[in-house]
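I set out to record how the parts of this chain are arranged. The entries follow the order in which I looked things up.

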Amino acid sequence: MNELVRHHTALEPADVEWIHLLISEWQLLSDLSFADLVLWVPTRDGTRYVSLAQMRPNTGPTSYQDDMVGHLVPRGRRPLLDMALDEGRIVREGDPEWREDVPVRVESIPVRREGRVLGVIARNTNLLTVRTPSRLELTYLQSASDLAQMIAAGTFPFPGEQVDMDASPRAGDGLLRLDAEGLVTYASPNAISAYHRLGLSTDLVGLHLGQATADLIPPTKGAVDEAMVKLASGWAPRTTEVEHPEAVVQLRAIPLKPKGEHIGSLVLLRDVTELRRRERELMTKDATIREIHHRVKNNLQTVAALLRLQSRRLDSEAARGALDEAVRRVGSIAIVHETLSMALDEHVAFDEIADRVLAMVMELSQDGRVTARRTGSFGILSAEVATPLSMILTEILQNALEHAYGPKAGGIVEVAARRADGVLHITVTDDGSGLPDGFDPHTAGNLGLQIVRTLATGELGGRFDMAPAPGGGTKVILEIPFD
């Protein structure tokens, strides 16, 4: 839509925001009208109209089989659009149009903002299935008429109230019509069922909705907030939820002021009991998973501490070195679980983990002669990738410290990461002594390189290689696929 606005219209940014707000709401108008809606806006030169958006009803048959968005029509071809735009009023004159043997009633509703008419909504009703309307349908149509008058007057939608159409109740979920005093004049069957689940044993019609709703809140919740009574009475455009031990009902109040005076309200409602129950279950599961990661991290840290204690008691330098390596391996896994214990899902920002692994391994560099740095970004990775990748980095960095630099030599180890086409490309480059003659990284090497090969190619399904770095030193190359 924004592209059509830029190419064809002279709408200002504030006008476009108003239209976005209207489009977020107009599914309700379409459903209440049993009609298709098409938004037409005059082009920059005023000679044509461009269709910016379209909405089909969930409550009746469509009158447009084709997508109308982006269509251009000359001014004068559709007189109802011209009249609504020029006169700033709702236009219903004229005989039904026939489209593919289907009679369609067309109405035009001007879209006003701050006294200016920005465009026109064409409301198209398929008359093929017209019959004697029920009480529900009459209430729908009257409510649609009130909303249309508010759009024409520039008082609907409500500024600052951005509606999430996926989460907000719709007309078919349950609808109440209130009078100016907040008394229920009509309740749809779904609305009645929802209030019965809240514990209401009488008919809704004739009750003051705000007080009736407040009375259903269990006394264990404490004193009833007067704001709930006012909100459920429909005096202001608000959304809330009413919680009961047996049910949770979402309410959305829409004040009706078709001629500037408050005549009543629409209250849309939906039984969200099952949805909230599942959300609570997911929250409980997420909390449990995070707690498991926290405990695993604590256990791994305990194991690392025990290994360090054991290392101090050994006389053999080789044995102490082996235990120190085991401590680092356990520590790299603990870092991942610690990060996961603070995450909302099983994905982590790996840059933080990589930086902590770098710091942990570089602590072994005597006198800080060898430093490490990271360039690029690993991005977000799943736990299935993050855990083995942290161990791979630990082994590669440890291998560089042990074999690339002599007892008094220093240098820089650089870890670079980038993403491209679903593959994480990682290089670890040192400026040390380089690879020995005849070294084959796919067969030779110590336990650390065996771990790297196994994790990189076997568990992660990636590629691992080592080669001389330009200018001296060694470059380790990793290519890891990710989702």
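**Entry 1: the sheet.** Before reading the sheet, I noted that two strands count as paired if DSSP finds at least two bridges between them. I also noted that the model is a predicted one. I then looked up the strand order and found an open sheet of 6 strands, arranged β3-β2-β1-β6-β5-β4 with antiparallel pairing. Which strands stand at the edges? They are β3 (72–74) and β4 (97–99); each has a single partner strand, so one side of each lacks a neighbour in the sheet. On average, neighbouring strands are turned by 35° against each other, direction ignored.

Entry 2: Helix α4 (residues 135–153) lies across β5 and β6 and runs at about 40° to β5.

**Entry 3: two packed helices.** I turned to helix α9 (residues 317–341) and helix α11 (residues 383–403), whose axes are 9 Å apart at an angle of about 145°. The crossing of α9 past α11 is right-handed. Among the residues that meet are R328, I333 and L340 in α9, and A386, M391 and Q398 in α11. How many residues of this contact are nonpolar, polar and charged? I noted 6 nonpolar, 5 polar and 5 charged.

**Entry 4: salt bridges.** Side chains of opposite charge can pair when their charged atoms come close. I searched the whole structure and found 23 salt bridges. One of the pairs I examined is D86 with R75, at 2.5 Å from N to O. D86 lies in helix α3 and R75 in the loop between β3 and α3, 11 residues apart.

I then looked up D351 and R374, whose closest N and O atoms are 3.6 Å apart. This pair links helix α10 to strand β13, across 23 residues. Is D351 buried or exposed? D351 has a relative accessibility of 18%, and therefore counts as buried. R374, at 27%, counts as partly exposed.

R373 and E414 meet in a further salt bridge at 3.0 Å, joining strand β13 to strand β15. Finally, I recorded a network of salt bridges that links D15, R113, E114 and R116.

How values were computed
Residues numbered from 1 in each chain as written. Predicted model: local features only at pLDDT ≥ 70, side-chain atom pairs only at ≥ 80, totals over all residues. Heavy atoms only, no water. Helix = DSSP H or I, 4+ residues; strand = E, 2+ residues; numbered from the N terminus. Axes fitted to C-alpha atoms, helices over the stretch in contact; angles between N-to-C directions. Contact = heavy atoms within 4.5 Å. Left-handed = near helix turned anticlockwise from the far one by under 90°. Nonpolar A, V, L, I, M, F, W, Y, C, P; charged D, E, K, R; others polar. Salt bridge = Lys/Arg side-chain N within 4 Å of Asp/Glu carboxyl O. Buried < 20%, exposed > 50% of the residue type's maximum accessible area, 1.4 Å probe, protein only.
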